[in-house]
Amino acid sequence: RHAESGEDEDGRPVNHGVHLSFYLRNLPAAFEAADALGAVYVNHRFSRRAYTLSEARDQCMFRVLDVVDPERPGEGPLIRLEQEVRSVVKADGVTKYKSCPLDWPLADGR
């Protein structure tokens, strides 16, 4: 647990420190996997918030805070580090997302 994390007045976890951002192609599959593990996180200090898959698609991102072992999620987090999971494409699934630093199309054609 890092020093900048805690809870707000409503008991929601907050992170006022650093976070990692990374891009991937299949945002819906990543969201569904994170959601199944109970790892989807909304940081209320940011205006872009994704509580659902639909919102993650619209926002082209979602966040996780706790990194868990997918085979033993009930044992709690291995580490607490906020990660912003971003899509390389917009909600249309084709157009490159504006902030994605990767070359497009990807070298392997995906």
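The largest pocket has a lining of 13 residues, and Ala34, Ala39, Val64, Asp66 and Gln83 lie nearest its centre. This is a predicted model: local features need pLDDT of at least 70, side-chain atom pairs count only at pLDDT 80 or more, and totals for chains, interfaces and linings use all residues. Residues are numbered from 1 along each chain as its sequence is written, and side-chain values use heavy atoms, leaving out hydrogens and water.

**Pocket**
- A pocket is an open set of points on a 1 Å grid over the protein atoms alone, where a 1.4 Å probe fits, with protein on both sides within 12 Å along at least five of seven lines; lining residues have an atom within 4 Å of a point.
- The largest pocket holds about 190 Å³ of space.
- Its lining takes at least two residues from each of α1, β5 and β6 (77-87).
- β5 gives the largest share, five residues.

- Helices (H or I, at least four residues) and strands (E, at least two) are DSSP runs, numbered from the N terminus.

**Cysteines**
- Cys60 is buried, at 5% relative accessible area.
- Cys100 is buried too, at 5% relative accessibility.
- Buried means under 20% relative accessible area (1.4 Å probe, protein chains only).

Terms used:
Points joined across faces, edges and corners; volume = space filled by probe spheres on them. Buried < 20%, exposed > 50% of the residue type's maximum accessible area, 1.4 Å probe, protein only.
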